[in-house]
Amino acid sequence: MRAAGYESQAAFAAAHALRPYRLEQLYRAAAKELAAGIDAVTVLPLALREALSKGLFKLADGNEVEAVLMEHWGERSTVCISSQAGCAYACTFCSTGQAGYTRNLSAVEIFDQARFFARELAGRGKKITNVVFMGQGEPFANYDAVMNAVRLLNDPQGFGLGHRHITISTVGLVPKIDAFAAEGIQVNLAISLHAPTDEQRSKIMPVNRRYPVAELMAACAHYAAKTKRKIFFEYVMLEGVNDDDASARALAKLMRGHLYHVNLIPYNATPDAPLRGTADQRIRAFAALLDGAGVATTVRTPMGRDIAAACGQLRAQTQPKAQRAREGEPKLAV
């Protein structure tokens, strides 16, 4: 998917004397036909395929990220993709955050994760039905690349995935939520809330010291009013941290009067976080309190725990925790 060594599509086209229709053929082969490599793009002359074979479908460097394919009952197949290598936001319950940040991904590197699984599914006569930006990294900290990746995913002349089948999750970067509200697209928004008060949330999510709950919820209310779209709130259940009745009541108060939906997430253990997950019975009781207060609530079914691919567990084996402290790494401003 990437023209390695070239700064732009125009530079790549000029270097190989490609006419616009050849670029369109290449794009269609990669994004719509899901070609495995340049040799499979038989619409191109053999000599041109040989000339292009050096680097067209390579990543920019050796950094690694993780993406996950989740196949559900029926025909639904969801791909969870990453927007950064690592993450600078250091949420205490998230393995990626404990490992630290490496760099942003380009739009093509983000898109290519979905493309990879689309090719795998196509071999079994299936398609991707949903893409969620819930893998490694904070999507709104890489806003422009993520929006460009959304355009690649949505392009009816290419990948062709509808906006309503794409969800972007954020820890709550208020200015970017406002920018997203102005995009005028029907991509779903999910907020990683995880606690209803500043006292609770700041202990597990350092970003809350920069964008406290009241400011975050005001941005959400603005988004909902402007777009008329539902917002999904992610809430990982942590024993003794955010799972008592008082937390449920405080969360219900935040949700009141808006088109909001709460997803309760059983905690997935990570090696770096000294936290315990809430017992299933307590999760059900917490959900019942929300339901009783009129809050739309779902308890997420855990998937991928056995391969460390569940929510909060993603971290490349080559990205150790100590990497966060390396020289020149961006730090979260709080």
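Which residues does Q84 touch, not counting residues up to four places away in sequence? I listed V65, Y101, R103, N104, L105, Q136, G137, E138, A141 and N142. I kept in mind that this is a predicted model.

Next I placed Q84: it sits in strand β3, residues 84-86. Buried or exposed, I asked of Q84? Its relative accessibility is 2%, so Q84 counts as buried, the cut-off being under 20%. I then checked its side chain, which reaches the backbone nitrogen of E138 at 2.9 Å.

I turned to the sheet. It is open, has eight strands and mixed pairing, and I read its order as β1-β2-β5-β6-β7-β8-β9-β10. β1 (68-71) and β10 (296-299) stand at the edges; each has a single partner strand, so one side of each lacks a neighbour in the sheet. On average, neighbouring strands are turned by 25° against each other, direction ignored.

L264 has V299 of β10 as its bridge partner. Helix α9 (residues 213-227) packs on this sheet and touches β7, β8 and β9. Its direction makes about 145° with that of β8. I found α10 lying across β8 and β9, at about 150° to β9.

Last, I followed α10 (residues 245-255) to α11 (residues 280-292). They pack at about 35°, axes 9 Å apart, and the crossing is right-handed. From α10, the contact uses D245, S247, A248, L251 and A252; from α11, R282, F286, L289 and L290. By class, I noted six nonpolar, one polar and two charged residues.

Conventions:
Residues numbered from 1 in each chain as written. Predicted model: local features only at pLDDT ≥ 70, side-chain atom pairs only at ≥ 80, totals over all residues. Heavy atoms only, no water. Axes fitted to C-alpha atoms, helices over the stretch in contact; angles between N-to-C directions. Helix = DSSP H or I, 4+ residues; strand = E, 2+ residues; numbered from the N terminus. Left-handed = near helix turned anticlockwise from the far one by under 90°. Contact = heavy atoms within 4.5 Å. Nonpolar A, V, L, I, M, F, W, Y, C, P; charged D, E, K, R; others polar. Buried < 20%, exposed > 50% of the residue type's maximum accessible area, 1.4 Å probe, protein only. Polar contact = N/O pair within 3.5 Å; in protein donor to acceptor, adjacent residues only side chain to side chain. Pairing = 2+ DSSP bridges.
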